[in-house]
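Here is a short tour for anyone who likes to know the layout before setting up a calculation. Have a look at the structure first, and then we can go through the pocket and the strands together.

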Amino acid sequence: MALLASVGIGVGLALKGNFSDIAGGIQILLTKPFKKGDFITACGSEGVVQRITFLCTLLYTADNRKVIIPNGKLSTSVVTTVTANPERRADFVFFAEKNSSIDKVKDVLLDVVNSHPSVLKDRGIFVRFSKETESALEFIVRVWTLKENFRDLSADIQEEVKKSFDREGINFPYQSYDVKIK
């Protein structure tokens, strides 16, 4: 009798994790916080949901790695569904040398974002001088785009700002140190 009870306890403890995963899987399938094809971040991983089962959720990362997350853990953690909405806001911070003209930098930044075809102009474009740091002027840019254009827009804006700054003679600040030799 004691042997049978010990085996029962051992099996119960071994299945405890599976019961948690099944309960988490049922919760995920019923509440649908995300679906196949959504890009999510959860449990220290991020990727596109490929499959949701009762025990686990399968993701593929941006570099095509396969990540399997147990549903027990997934159902009790914070999950961010990046692709939940059709539009996303892209936020940028740009720096210019302290002697740069604030108005000129803002004009260049506005020209760059206004000329990009993926920027949703009707959602508003935010370009503002943020602050003066010890070594630079800081500018914040916020624009909206469709979720499928987000990554390309982010890279395009960064590249075009650099090219435009170069054309307009606006320099990025570089840290420098004064070294004095005695």
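## The largest pocket

Let's begin with helix α4 (residues 150-168), which supplies the largest share of the lining of the largest pocket, three residues. Please keep in mind that this is a predicted model. The volume of the largest pocket comes to about 190 Å³.

Which residues line the largest pocket? They are F39, V82, T83, R88, K147, E148, N149, F150, R151 and D152. Sorted by class, the lining holds five charged, three nonpolar and two polar residues.

## The five-stranded sheet

Now for the strands. An open sheet is built from five of them, running in the order β4-β3-β2-β1-β5 with antiparallel pairing. At its edges sit β4 (66-70) and β5 (79-81), each of which pairs on one side only. On average, neighbouring strands of this sheet are turned by 40° against each other, with direction ignored.

## The β7-β8 hairpin

Another pairing worth a visit is the hairpin of β7 and β8, which have four residues between them. Strand β7 covers residues 126-132 and strand β8 covers residues 137-146; the two pair in the antiparallel sense over six bridges.

Note on methods. Residues numbered from 1 in each chain as written. Predicted model: local features only at pLDDT ≥ 70, side-chain atom pairs only at ≥ 80, totals over all residues. Heavy atoms only, no water. 1 Å grid on protein atoms, 1.4 Å probe; cavity = no way out; pocket = protein on both sides within 12 Å on 5 of 7 lines; lining within 4 Å. Points joined across faces, edges and corners; volume = space filled by probe spheres on them. Nonpolar A, V, L, I, M, F, W, Y, C, P; charged D, E, K, R; others polar. Pairing = 2+ DSSP bridges. Axes fitted to C-alpha atoms, helices over the stretch in contact; angles between N-to-C directions.
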